[in-house]
Amino acid sequence: RRLIYFDADIVILGDLADIFDMDMEGKPCAAVPYCHQKMAKYINFNVLKTLPYLGDTEEIDPGSCIANRGLLLIDVKVWSSLKLTESIELWLERYRAADGELWVNGMSQPPWLLAMNGNYMRLNADWNCNSLGRHSMDPTEAAQLRKMGFEEEHLTSLRVETTSWGLVPYVVTCS
């Protein structure tokens, strides 16, 4: 059995059978990686290091890309066998017990990111055009945009303004 989760603001432009029937290569879920944001944006690694031994937390990379859960395909059998729901709940307990904020920028994304720790099938970016409707890009996202070849002249032609806290408006790079 499989589940497909969609954010409420998603627009579907293709045949969902294509994603529902794909080979998930034994992974518990499939999502689009989002490399404009890294784990360090969500997880306070200084607090994480203070927690009692947690086994695999040493393998959590602050610089790894997050996964965008706007569209999430779940293989229920694999998800259950890995006890991922229990792992997410355990991270919530660790959050409550931590001396300091273990994560920032939301309450659902960070424990999911920690529980998954990169164990998901990477979908092509065509499956989830990220951040439609956002007001601005933070400096890290703006730097990624510039690495993709968007020079100041391109941004000016798009009427994008550079501010002390990033770019306004948000620049969507998917088609």
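At what angle do the axes of helix 4 (residues 84-97) and helix 5 (residues 109-116) cross? Select both helices: their axes come within 8 Å and cross at roughly 125°, the axes being lines fitted to C-alpha atoms over the stretch in contact, with angles running from 0 to 180 degrees between N-to-C directions. That makes helix 4 oblique to helix 5, since angles under 35 degrees count as roughly parallel, over 145 as roughly antiparallel, 65 to 115 as roughly perpendicular and the rest as oblique.

This is a predicted model, in which local features need pLDDT of at least 70 and side-chain atom pairs count only at pLDDT 80 or more, while totals for chains, interfaces and linings use all residues. Residues are numbered from 1 along each chain as its sequence is written, and side-chain values use heavy atoms, with hydrogens and water left out.

Then move to Cys 35 in strand 2 (residues 29-38) and Cys 65 in strand 3 (residues 65-75), which lie 30 residues apart and form a disulfide with their sulfur atoms 1.9 Å apart, a disulfide being a pair of cysteine sulfur atoms within 2.5 Å. With 105° about the S-S bond, this link of Cys 35 and Cys 65 is right-handed.

Key. Helix = DSSP H or I, 4+ residues; strand = E, 2+ residues; numbered from the N terminus.
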